[in-house]
Amino acid sequence: MYIGIDLGTSAVKLLLMSSEGKVIRTVSKEYPLLFPKENWIEQNPDDWIEKTFEAFSEFTKEELSAVKAISFSGQMHGSVFLDIEDKVIRPALLWCDQRTVEECKNLNEKFGLKLVELTGNIAITGFTAPKILWLKNNEPENFKKINKIMLPKDYLAFKLSGVYSTDVSDASGTLLLDVKNRKWCQELLETLNITEAQLPKLFESYECIGTIKKEIAEKYGFNKNVKIIAGGGDQATGAVGVGVVKDGVLSVALGTSGVVFANSSSYKVDNEARLHSFCHANGGYHQMGVMLSAAGALKWWIERINKSKDYTQFVEEEAGKSKYDEKLLFLPYLTGERTPYNDPDARGAFVGLNIQHERADMTRSVLEGITFGLKDSLELIKATGVYTDVARVSGGGAKSNFWKQMIADIFNLKVETINSTEGPAFGAAILAAVGDGCFSSVDEACEKLIQVIDIKYPNSENKNFYEDKYKKFKKSYFLLKEIYN
């Protein structure tokens, strides 16, 4: 058996998988977020360790004794700073922390689009390099203590194995990696006044970094030879979990944020740096667009505004029966936007409301606005020369037939649902199996373990309607931009 550990923003999820791909058991444990100041979002890294070990205790001794390898999926970009004794210096700065606006501005002004040449990306507030620069500028005493800089899942891997490691997919989101050549970028390290010795060793996501610590194996009942496999960033690992490892297949992850992810067998970049160009967990590359409020915008509408948790009523029963309206638009920029605008000041809006509109019409408009925002990323991916004819949807939105059909119509692509809904945790378990030698490659494992169970095809009439409405959606952002700013 194999364990995939998904170290998320609000909880850690452990998934036990057989070599045939059967999910035996999942266990989740939540931990708190810290908000010390406005736009600051932190976490105590030792909470991740405590909750992971608690989760181990909920598996049976028979299950854990059969485990051959463990791997990881992790929230990306977070900064864990360790001192010479491997103690955490300060709480980790998370991917959603927004304190590094000035540091990003300085890096982007210093390098310009040369950053894209060096790393495949530009500086944005979520990335790790600006966080290191913030520490240097604002907490110089803590900066001087740094012996190792770790990403969240890699700190967990270190606690299990004693090895300082990271993988190239997660490292791609640090702005410290030469993504094209899969090595640390010396020019960025020099700019931040850090050394390669302060960074973990680089691995491919499916490579073994070591074995489990003896004391952990004895305490929980693992075999002492359990392999620890590097794992990947949550988006790359989630893409493995839905089988997006070959050209032509797109991943659409409908989490709090929304991600459109395309595998690419060769390295490609968006020259205007609106997309992320990262290493993939299968040994290749990927392009990725990220919108900040996807399912998060739907949750805001249903739970905060309408004080309900009945998503079926809102999405399937009400929105599914509402009328098509070419004039009612929703802009989903509730927390700013990353792709394609990189605009933290962008805000949400309903445009075109009239006195005849009802809640169902507005719910449909929210779903359309989120999907149009995702289409922005799709259009940029296509512009880099990446071909795709099918999208695989994951996350909570994958449960909605109405929303999946809307994605098919707006994207003008087949939309597939696969046999697993476990996403990154399942992808991490697949990486563990590959690292153990159960499969010869990530691609082979996905081909054998993942099956399509549902397909939605685009409706030509709806497609034409949405093409016209998408043009209005695009125009609305630019007309309202002056008000936002």
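Leaving aside residues up to four places away in sequence, serine 476 touches Leu329 and Leu331, where touching, or contact, means heavy atoms within 4.5 Å. The model is a predicted one, in which local features need pLDDT of at least 70 and side-chain atom pairs count only at pLDDT 80 or more, while totals for chains, interfaces and linings use all residues. Residues are numbered from 1 along each chain as its sequence is written, and side-chain values use heavy atoms, with hydrogens and water left out.

Let's stay with serine 476 for a moment. Its place is in helix H18, residues 460–484; helices here are DSSP runs of H or I with at least four residues, strands are runs of E with at least two, and both are numbered from the N terminus. Serine 476 has a relative accessible area of 9%, so it is buried, a word that means under 20% relative accessible area with a 1.4 Å probe and protein chains only. A polar atom of the serine 476 side chain lies 2.9 Å from the backbone oxygen of lysine 472.

Next, turn to glycine 120, found in the loop between helix H4 (114–119) and helix H5 (128–138). Glycine 120 counts as buried because its relative accessibility is 2%. Not counting residues up to four places away in sequence, glycine 120 touches Leu115, Tyr267, Val269, Leu275 and Ser277.

Among the buried ones are Pro152, Lys153, Asp154, Tyr155 and Phe158. Just after H7, glycine 162 takes a positive phi of about 80°.

Now step back to see the whole protein. Its secondary structure comes to 18 helices and 24 strands, and its C-alpha trace spans about 65 × 50 × 45 Å along the principal axes. A compact globule of 485 residues would have a radius of gyration near 23 Å, and the protein agrees with its 22 Å; this radius is taken over C-alpha atoms, and the globule rule is 2.2 Å times the number of residues to the power 0.38. Of the 485 residues, 60% count as buried. Among contacts between residues at least 6 apart in sequence, 72% join residues at least 24 apart.

Definitions and conventions:
Buried < 20%, exposed > 50% of the residue type's maximum accessible area, 1.4 Å probe, protein only. Polar contact = N/O pair within 3.5 Å; in protein donor to acceptor, adjacent residues only side chain to side chain.
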